[in-house]
Amino acid sequence: MDPAGYDLLKTAVLLLDGDRRVRHANTAAEEYFGLSRRQLEGMDADPLIGMVQSVVKVPLRAAPWAWLYEIPVRATLLDDRQHAHAEQTAQRESLRNLAHEIRNPLSGLRAAAQLLEGELEDPGLRDYTGVIIAEADRLVDLVERLVSSQRQGLEIRCFNIHEVCERVYTLLAAEYGRRIEIVRDYDASAPELRGDFSRILQALLNVARNAGQALTENPGLQAPRLILRTRVGHQLVLLRRQVRMGLVLSVIDNGPGVPDALRDKIFHPLLTGRAQGSGLGLSLAQEFMQQHGGLVEFDSRPGHTEFRLILPMEPL
Ligand SMILES: Nc1ncnc2c1ncn2[C@@H]1O[C@H](COP(=O)(O)OP(=O)(O)OP(=O)(O)O)[C@@H](O)[C@H]1O
Ligand SMILES: [Mg+2]
């Protein structure tokens, strides 16, 4: 039997000898346990799978293999996530191309309006050039936000996730503190994280601001409350794989919930349910998380909306 064939499977497979020691692990098993094949080989299988909820154990009579352990990965969820990811990436790409095309004519237009303004003597007419310049500036802001995420590479360093949370908390408290209750619920055991501090901060802030807006822009809401929560999670399904350990950053609000019409497309760029929104907050948050191998997901019903930013953590 050639064990290399198991590498084609999405489910994690371990081949064990008569002492139930790992003799071979497929690629999905390496990803599942977050350990290399070499690290897995020789390990005692039973303690290794002790935490795993569902394992299929098949006895083999093909020395040196005595057992095959299979851990089904939640394949459909992975497929759905990959599909959504491909779609969102394509959309971002075409929008970005459009943004690049708009950039130059836009600055030409703005400069011409400024020159014209200098030539005009009638202040009434200057109001018109003022409008052109102000609207051009609004478009420049939008274009800049569209291209911002690809401007530089990631600046990776180690930090504690609660530094990010505290920054977001301070900003939220300044913006919404008088109108909503903001609760911090941190998992003090969360280990240090490796990533781009400012992008993770931006992602959390975008998600938290949405919650703040949902709670303050809907009048008549009783006891509006926002919770910032951190937890260490196990066996999390990410984009291409299931990881053993990850950090889950949740923003929970008791607002009206995500409108039904937006649910399937909420991470698409330029999609907004707010009159003043540009619809870029969640698209950027998702992109920043994906740049870290993570993702943003959500559950929402009236009175309880939870957005989760999930970041994989490397095994020690
Ligand atoms: N916590 C939430 N509760 C209810 N609706 C939400 C929540 N978070 C997001 N939404 C909905 O999702 C839409 C998209 O959010 P997104 O952050 O991408 O864009 P935006 O907030 O409209 O604009 P921007 O963030 O660019 O200023 C929002 O307009 C809102 O309708
Ligand atoms: Mg937003």
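Modeller: Let us start with proline 302, which touches Pro256 and Gly257 when residues up to four places away in sequence are not counted. The model is predicted, and these contacts are computed from it.

Biologist: What makes Pro256 and Gly257 residues that proline 302 touches?

Modeller: The criterion for a contact is that the C-beta atoms, placed from the backbone, lie within 7 Å. Pro256 and Gly257 are the residues that proline 302 touches beyond four places in sequence. A further value concerns asparagine 254: its C-alpha is 7.4 Å from that of proline 302, although 48 residues separate the two in sequence.

Biologist: What makes a set of residues a nonpolar core, and which residues have the most contacts inside the largest one?

Modeller: The members must be buried, of the listed nonpolar types, and joined through C-beta atoms within 7 Å. The largest such core has 40 residues, and Leu204, Val207 and Leu309 have the most contacts inside it. Two or more residues each come from helix H6 (161-176), H7, strand E8 (225-237), strand E9 (242-253), H8, strand E10 (295-301) and strand E11 (304-312). H7 gives the most, with eight residues. Valine 207 is in contact with Val251, Ala285, Val296, Phe307 and Leu309, leaving aside neighbours within four places in sequence. Another core, of 16 residues, lies apart from the largest one; Ala12, Val13, Ala25 and Leu40 are among its members.

Biologist: How is the protein divided into domains, and what makes up the contact between domain 2 and domain 3?

Modeller: The domain assignment gives domain 1 (3-73), domain 2 (76-148) and domain 3 (156-312). The C-alpha centres of domain 2 and domain 3 lie 26 Å apart, and their contact takes 11 residues from domain 2 and 14 residues from domain 3. On the side of domain 2, helix H4 (75-119) and helix H5 (123-148) each supply at least two residues. The largest share of that side, nine residues, comes from H4. By class, the side of domain 2 has four nonpolar, four polar and three charged residues.

Biologist: What makes a residue part of the shell around ligand 1, and which residues are the closest?

Modeller: A residue qualifies if its C-beta atom, placed from the backbone, lies within 6 Å of the ligand. For ligand 1, 23 residues surround it, and the closest are Asn210, Thr272, Gly273, Gly277 and Gly281. Helix H7 (197-216) and helix H8 (281-291) each supply at least two residues of this shell, and H7 contributes the largest share, four residues.

Terms used: Residues are numbered from 1 along each chain as its sequence is written. Chains are lettered from A and ligands numbered from 1 in the order in which they are written. This is a predicted model: local features need pLDDT of at least 70, side-chain atom pairs count only at pLDDT 80 or more; totals for chains, interfaces and linings use all residues. Domain bounds come from an automatic or database domain assignment. Two residues are in contact if their C-beta atoms, placed from the backbone, lie within 7 Å. Ala, Val, Leu, Ile, Met, Phe, Trp, Tyr, Cys and Pro count as nonpolar, Asp, Glu, Lys and Arg as charged, and the others, Gly among them, as polar. A residue is buried if 20 or more other C-beta atoms lie within 10 Å of its own, exposed if 12 or fewer, and partly exposed in between; C-beta atoms are placed from the backbone.
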